[in-house]
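Student: I've got a model open and I'd like to go through what the labels on it really rest on. Can you take me through a few?

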Amino acid sequence: MKVYDKVKWHIDGGEDATDVIKRFSIIIEYLYNTNMLNSIGVEIYHLGVDEETVIHSEMLLDNGISFMDEFYDRIASLKTEDIYDCLNSNC
């Protein structure tokens with residue numbers, strides 16, 4: 001299993017929890033809306049993002065893994081307000 005990111009890493013690093021959860025929510029919603037989540041990912045989407053949320057390869061379909069491998073570093077470095085625009089323009 002490849003771990004792409006954890007909410008807890010950001011919060012432990014001093015980032016605002018509300019902002020981190022919002023960023024993760026945007027990303028997971030995008031993965032859901034573009035059919036990149038498998039049943040585990042869909043369950044995580046429906047449960048909602050919290051401080052324990054982890055984005056990992058075992059929640060993604062093959063296209064989701066390809067997307068995360070190619071784009072996640074760029075997405076993760078963006079401000080929350082810029083993530084949505086980036087995702088909708090393929091970064």
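Student: What makes the crossing of α2 and α3 left-handed?

Tutor: The call is left-handed for α2 and α3, a term used if the near helix is turned anticlockwise from the far one by less than a right angle (clockwise would be right-handed). Keep in mind that this is a predicted model, where local features need pLDDT of at least 70, side-chain atom pairs count only at pLDDT 80 or more, and totals for chains, interfaces and linings use all residues. Residues are numbered from 1 along each chain as its sequence is written, and side-chain values use heavy atoms, with hydrogens and water left out.

Student: Why are α2 and α3 called oblique to each other?

Tutor: Their axes cross at roughly 130 degrees and come within 10 Å. Under 35 degrees is roughly parallel, over 145 roughly antiparallel, 65 to 115 roughly perpendicular, and the rest oblique. So α2 and α3 count as oblique.

Student: Which residues of α2 and α3 meet?

Tutor: Ile28, Glu29 and Tyr32 from α2 meet Val42, Ile44, Tyr45 and His46 from α3, contact being heavy atoms within 4.5 Å. Five of these residues are nonpolar, one is polar and one is charged.

Student: How do you know whether His56 is buried or exposed?

Tutor: Buried means under 20% relative accessible area, exposed over 50%, and partly exposed in between (1.4 Å probe, protein chains only). His56 has 11%, so it is buried.

Student: And what about Asn35, buried or exposed?

Tutor: Asn35 sits in the loop between α2 and α3. Its relative accessible area is 56%, so Asn35 is exposed.

Conventions:
Axes fitted to C-alpha atoms, helices over the stretch in contact; angles between N-to-C directions. Helix = DSSP H or I, 4+ residues; strand = E, 2+ residues; numbered from the N terminus. Nonpolar A, V, L, I, M, F, W, Y, C, P; charged D, E, K, R; others polar.
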